[in-house]
Amino acid sequence: MVNNVDLSIDFCGVQFKNPFLLSSSPVSNSAEMVARSFDAGWSGVVFKTLNSDRLPIVHPSPRMHCIDYGSKKEMAVQNVEMISDRSLKHNLTEFLYLKKNYPDHPIIASIMGFFTDEWVYLAKAAEDNGADMLELNFSCPHMCIEGAGHKVGQAFQLLEGFTAAVKEVVSIPVIAKMTPNITDMNEPAMYAKKGGADAISAINTVRGISSVGLDDFVPTPNVFGKGAISGTSGPAVRPIGLNFIASMAQNDQLNLPLSGIGGIETWIDALEYMLLGASTIQVTSGIMHYGYRIVDDMIEGLSDYMIERGVGQISDLVGKALPNLHETEAFDLERQGIAQYDMDKCIGCGQCYIVCQDAAGQAIEWDAESRRPNLIEDKCLSCMLCKFVCPVPDLISHKEMPKEWKRQETAVMDSSLEKDIKYEPFTKEGPNECVI
Amino acid sequence: MSHLDKFKEMRKGLDLVQAIAEADRCLLCHDAPCSRGCPADTKPAEFIRKLRFKNITGAIRTIKENNILGGACGVLCPTSRLCEEKCSAMFKSQNRPAGADRPIQIGEIQRFLVEHSWQRSVRIFEKPEPRSEKIAVVGSGPGGLSCAAELAKEGYQVTIFEGRPQPGGVLRYGVVSYRFDMNFLEHELEDVKALGIKFQCNSPIEGKNAAEKLLQDGFDAVFLAPGLWDAATIKPDGKNIQGLFSSVDYLSALRDGRFEKMEKNIKGKAVAVIGGGSVAMDCIESAVRLGAKDVYLIYRRSYSQMPAEPDERIEALEAGVHFVLLNQPLDYVTAKKDRLKGLKLVRTRLGALDASGRRRPEEIAGSEWTLDADVVIEAIGNKAPDESPEWYPKVDVDGNKLIKADPETGRTSVPGLFAGGDIVRGPALVVQAVQDGKVAARAIKEYLKQ
């Protein structure tokens, strides 16, 4: 174990001994499970969303499905999981157990109601029984009643109102958990802030369909002949999560602590969320695939990274990548480069040739005799597709070309046809924005 | 599973998940070396790609369209020096990472796909429009089956003449069951039979002019692929010696009604096998499995000169076979009633290179000795029957009585008579015979157009 770096972090005034939390899901369903996760190294938990017992929760069966990539399992998970199906009494008793036995591991109570009184009731109950924070679930992707789950997340007035109602009755910090099933998360996040939210967590699952049965035509999970659009999670959604975290972190008006969620399995995944502005991260799918033990590698991996970089405090890394995150218009298009090949490493599979032919600049010639690619530098688009398919690490890299270097234009197939084209050059002046 | 079941059944192949995982490792090369390495043009790069893209029926179609015995080849091919030899997944570069020396298990994937087709009852070939041309195929081994299938797929009327009671040739009578079992053979034969080929077993095409006569008996073309079934021996007058077998006899017995008798011959006995090729390896390993007390491999050269595949040699050593190298068999020692008692040997040393490019074994004078043995199996090569040229007198043969046929077409010196497989090549691989059958079928179609 690595000792001389500090992974602890302050999140809305609550201290976590590391930034790694269980998110609200099947992995945080009971005190027995959560206790084991704490023993494994997780610093805190967002306990599975409490139910007020007003409506009984019955889970569909089966409740999940997964998407594999080739022989790689669980690139994504699909679930029609509901909020906790345990009674509020049982869940609150579990809080007491955890507070008694793991006093230095914060409990964040996830709650979801349908109307103000229910939100308030659950918030109070959680606080009164030891919850250190609340997470308002505005994002459960398979609620069909207007005003619940992700539907709230898409109805900004409700979101603000429920947040305000909760804030009024509790003194513990309140996080609003956002749905990614929306174009710009800054808008609902600002409403949550107006309602008094102390932090934002994102993302909940992305609405999706994992697969469709080819024999029965039922989308999966197949619940006795019926499928539904439901929540997708796992490594496949990580880019979506990073997008929302980064765009909220860049929003100066929002300026709230962020908890990053979505496809985190390794310390690198977690660190990327943090570099883009999250100060804690939450995990479910990674645990559903590999178990609580993965936190061991997150802690050790992140610690070693910090030692190598001479970073003493994890909080120093939060948002570190944001200054480098721009709109694409900021790119310096004067500077151009190409792919370069270290041919000593080449094994002659020719995949680079195939993708360059069919998806890029036809910049590679194939020597069938020696089974080696030959790059025509002036045609290289520097898309780097060849590098992505190359099975040998570091064989292909990107190199900058001198200022005077010019890329060949894509050749016209038969320029003799040019005389037949029907076309006038576009000459009108206009603004550099979209107007009708 | 009893030890006899183990003897009679081959080990399980890959399942779907394993096959997909293996296909996942494939680099999907451009102009793939595996496809170039298949003597029968089975197109491994194509069927692996199809498997990778979940086009499983298509993958099976690629195999079966190009190699009707794709299952047998998947099991029996020495893939490490064919399709798998230049597999890019071995990362043969100056910077090969440790452990990256495993080719894709192409033979295993091929076997899986063919077995999967039987499990799922995938039918690849539609019934073709029947044609009037009649073709006779002599021999139902890999060469004959391949040629027959190729022609039958296009509606030609094909009759296979087989001398033995059951079809399959070397696939039935020349391999051991734990390598290639009857169940597998029958399934693969079903694929051939489904094409509407007529099988005439117990019908050797022998006797004066027998093969050429087929052309006069209403067949428009003939493909000769009878294989090589006469065994070379160090003692041509030793037929009456009890306990002396040729590899042909021995291996055939393990595949037909004589199994139990042969098992009794071997169990608890000292068995010596003469030879250094793949057939000798099958003989020694099977003798170990049948419970021989001691199994000796007698080879006149040294370990590295053996023609057997490296993995076969290692397996035999691991199985407990005693390799008696650098020893030349001279004669047999018998007791009463011609009962075999021992094998007279003389030690050799390696001298200068011979025509095969291997160092020639030279006998060491005065070093004769006798190895006690109850059973000796001679696995020193198969040859054409001495009288075989009479069956096709106008066909040119070479000094070893092998038929001279054009490798591009299988044409012999007699128009309408084509030949392939071991009777042309000498002892060769199943996959090479398959290719000969395909090549000849193409040439036969051309010939019939004229």
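**View 1. Contacts within chain B of the predicted model.** Among contacts in chain B between residues at least 6 apart in sequence, 71% join residues at least 24 apart. Two residues are counted as in contact if their C-beta atoms, placed from the backbone, lie within 7 Å. Chain B contains 17 helices and 15 strands.

**View 2. Overall dimensions and burial of chain B.** The C-alpha trace of chain B spans about 65 × 60 × 45 Å along its principal axes. The radius of gyration of chain B is 23 Å, which agrees with the value near 22 Å that a compact globule of 450 residues would have. Of the 450 residues in chain B, 47% count as buried. A residue is called buried here if 20 or more other C-beta atoms lie within 10 Å of its own.

**View 3. Domains of chain B.** The domain assignment gives domain 1 as residues 11-119 of chain B. Domain 2 of chain B is made of two segments, 134-228 and 384-449, and domain 3 covers 231-381. Taken over C-alpha atoms, the centres of domain 1 of chain B and domain 3 of chain B are separated by 34 Å.

**View 4. Contact between chain A and chain B.** Chain A supplies 16 residues to this contact, and chain B supplies 14 residues. On the side of chain A that touches chain B, the largest share, three residues, comes from helix α11 (residues 351-359) of chain A. By class, this side of chain A has nine nonpolar, five polar and two charged residues.

How values were computed. Residues numbered from 1 in each chain as written. Chains lettered and ligands numbered in written order. Predicted model: local features only at pLDDT ≥ 70, side-chain atom pairs only at ≥ 80, totals over all residues. Helix = DSSP H or I, 4+ residues; strand = E, 2+ residues; numbered from the N terminus. Rg over C-alpha atoms; globule rule 2.2 N^0.38 Å. Buried ≥ 20, exposed ≤ 12 C-beta atoms within 10 Å, placed from the backbone. Nonpolar A, V, L, I, M, F, W, Y, C, P; charged D, E, K, R; others polar. Domains from an automatic or database assignment.
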